[in-house]
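The sequence and coordinates come first, and the terms are defined where they are used.

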Amino acid sequence: MKFVFTFTKPEDGSTVKFEGGRTSLWDAQEIAAEWPKRPTNQNRLDFAWAYCAAKRAGKLNDLGVEGMGAEEAIDAIADTYDVEIKDNKPEADAPLADAPSE
């Protein structure tokens, strides 16, 4: 399964967009396993997943985090971008309305 990662800078609306897979989520979960327990870990995991996907896609330079360690890059992405992660399946059509049931 593929996912679409969209990084948007709120101040100017510029975006970096690419596809990535589940393996980047697994990479992020391995990073997160080293984190102390805290209530923000689930939100941080989304940014770690986005970082790992960007690393696999060769997009770290586009995001301005090339050469940073993982933790520093994750924090920089979180502080710089709004990140959206969506699956790349086409949206299903809305169901037909008001068909009488039999």
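## Basis and terms

A residue is called buried under 20% relative accessible area, exposed over 50%, and partly exposed in between, with a 1.4 Å probe and protein chains only. The model is predicted, so local features need pLDDT of at least 70 and side-chain atom pairs count only at pLDDT 80 or more, while totals for chains, interfaces and linings use all residues. Residues are numbered from 1 along each chain as its sequence is written, and side-chain values use heavy atoms, with hydrogens and water left out.

## Fold and surface

The chain has 4 helices and 3 strands, where helices (H or I, at least four residues) and strands (E, at least two) are DSSP runs numbered from the N terminus. Read from the N terminus, the order of elements is β-β-α-α-α-α-β.

Of the 102 residues, 28% count as buried. The accessible surface comes to about 7,000 Å² (Shrake-Rupley method, 1.4 Å probe; for residues, only the protein chains shown count as cover). Carbon and sulfur atoms account for 48% of that surface. A contact is defined as heavy atoms within 4.5 Å. Among contacts between residues at least 6 apart in sequence, 56% join residues at least 24 apart.

## Nonpolar core

A nonpolar core here is a set of buried Ala, Val, Leu, Ile, Met, Phe, Trp, Tyr and Cys residues joined through side-chain atoms within 4.5 Å. In soluble globular proteins, nonpolar side chains tend to be buried together. The largest core in this model has 23 residues, and the members that touch the most others are Phe-5, Phe-7, Phe-18, Tyr-51, Leu-63 and Ile-77. At least two residues of this core come from each of β1, β2, α1, α2, α3 (60–63) and α4. Helix α2 supplies the largest share, 8 residues.

Two residues illustrate the packing. Ile-77, leaving aside neighbours within four places in sequence, is in contact with Phe-7, Phe-47, Tyr-51, Leu-63, Val-65 and Val-83. Thr-6 is in strand β1 and counts as buried at 13% relative accessibility. Not counting residues up to four places away, Thr-6 touches Thr-15, Val-16, Lys-17, Asp-82, Val-83 and Glu-84.

## Aromatic pairs

Rings of Phe, Tyr and Trp (its six-membered ring) pair if their centres lie within 6.5 Å; planes under 30 degrees apart count as stacked, over 60 as edge-to-face and the rest as tilted. The structure holds 5 such pairs. The Phe-3 and Trp-49 rings have centres 5.1 Å apart and planes at 75°, so this pair is edge-to-face. Phe-3 lies in strand β1 (residues 2–8) and Trp-49 in helix α2, so the pair ties together parts 46 residues apart in sequence. Both Phe-3 and Trp-49 are buried.

For Phe-5 and Phe-18, the ring centres are 5.7 Å apart and the planes are at 15°, so the pair is stacked. This pair links strand β1, which holds Phe-5, to strand β2 (residues 15–21), which holds Phe-18, across 13 residues. Phe-5 and Phe-18 are both buried. Ring pairs join Phe-3, Phe-5, Phe-7, Phe-18, Trp-49 and Tyr-81 into a cluster.

## Charged pairs

A salt bridge is a side-chain nitrogen of Lys or Arg within 4 Å of a carboxyl oxygen of Asp or Glu. The count comes to 4 salt bridges. In one of them, the closest N and O atoms of Arg-56 and Asp-27 are 2.7 Å apart. Arg-56 lies in helix α2 (residues 41–57) and Asp-27 in helix α1 (residues 22–32), so this bridge ties together parts 29 residues apart in sequence. Arg-56 is exposed, at 54% relative accessible area, and Asp-27 is partly exposed, at 24%.

Arg-44 and Asp-75 form a salt bridge at 3.5 Å, N to O. That pair links helix α2, with Arg-44, to helix α4 (residues 70–80), with Asp-75, 31 residues apart. Asp-75 is partly exposed, with a relative accessible area of 33%. Lys-59 and Asp-62 form a salt bridge with closest N and O atoms 3.8 Å apart. Both ends are partly exposed, Lys-59 at 24% relative accessibility and Asp-62 at 44%. Shared partners join the salt bridges of Arg-44, Glu-71 and Asp-75 into one network.
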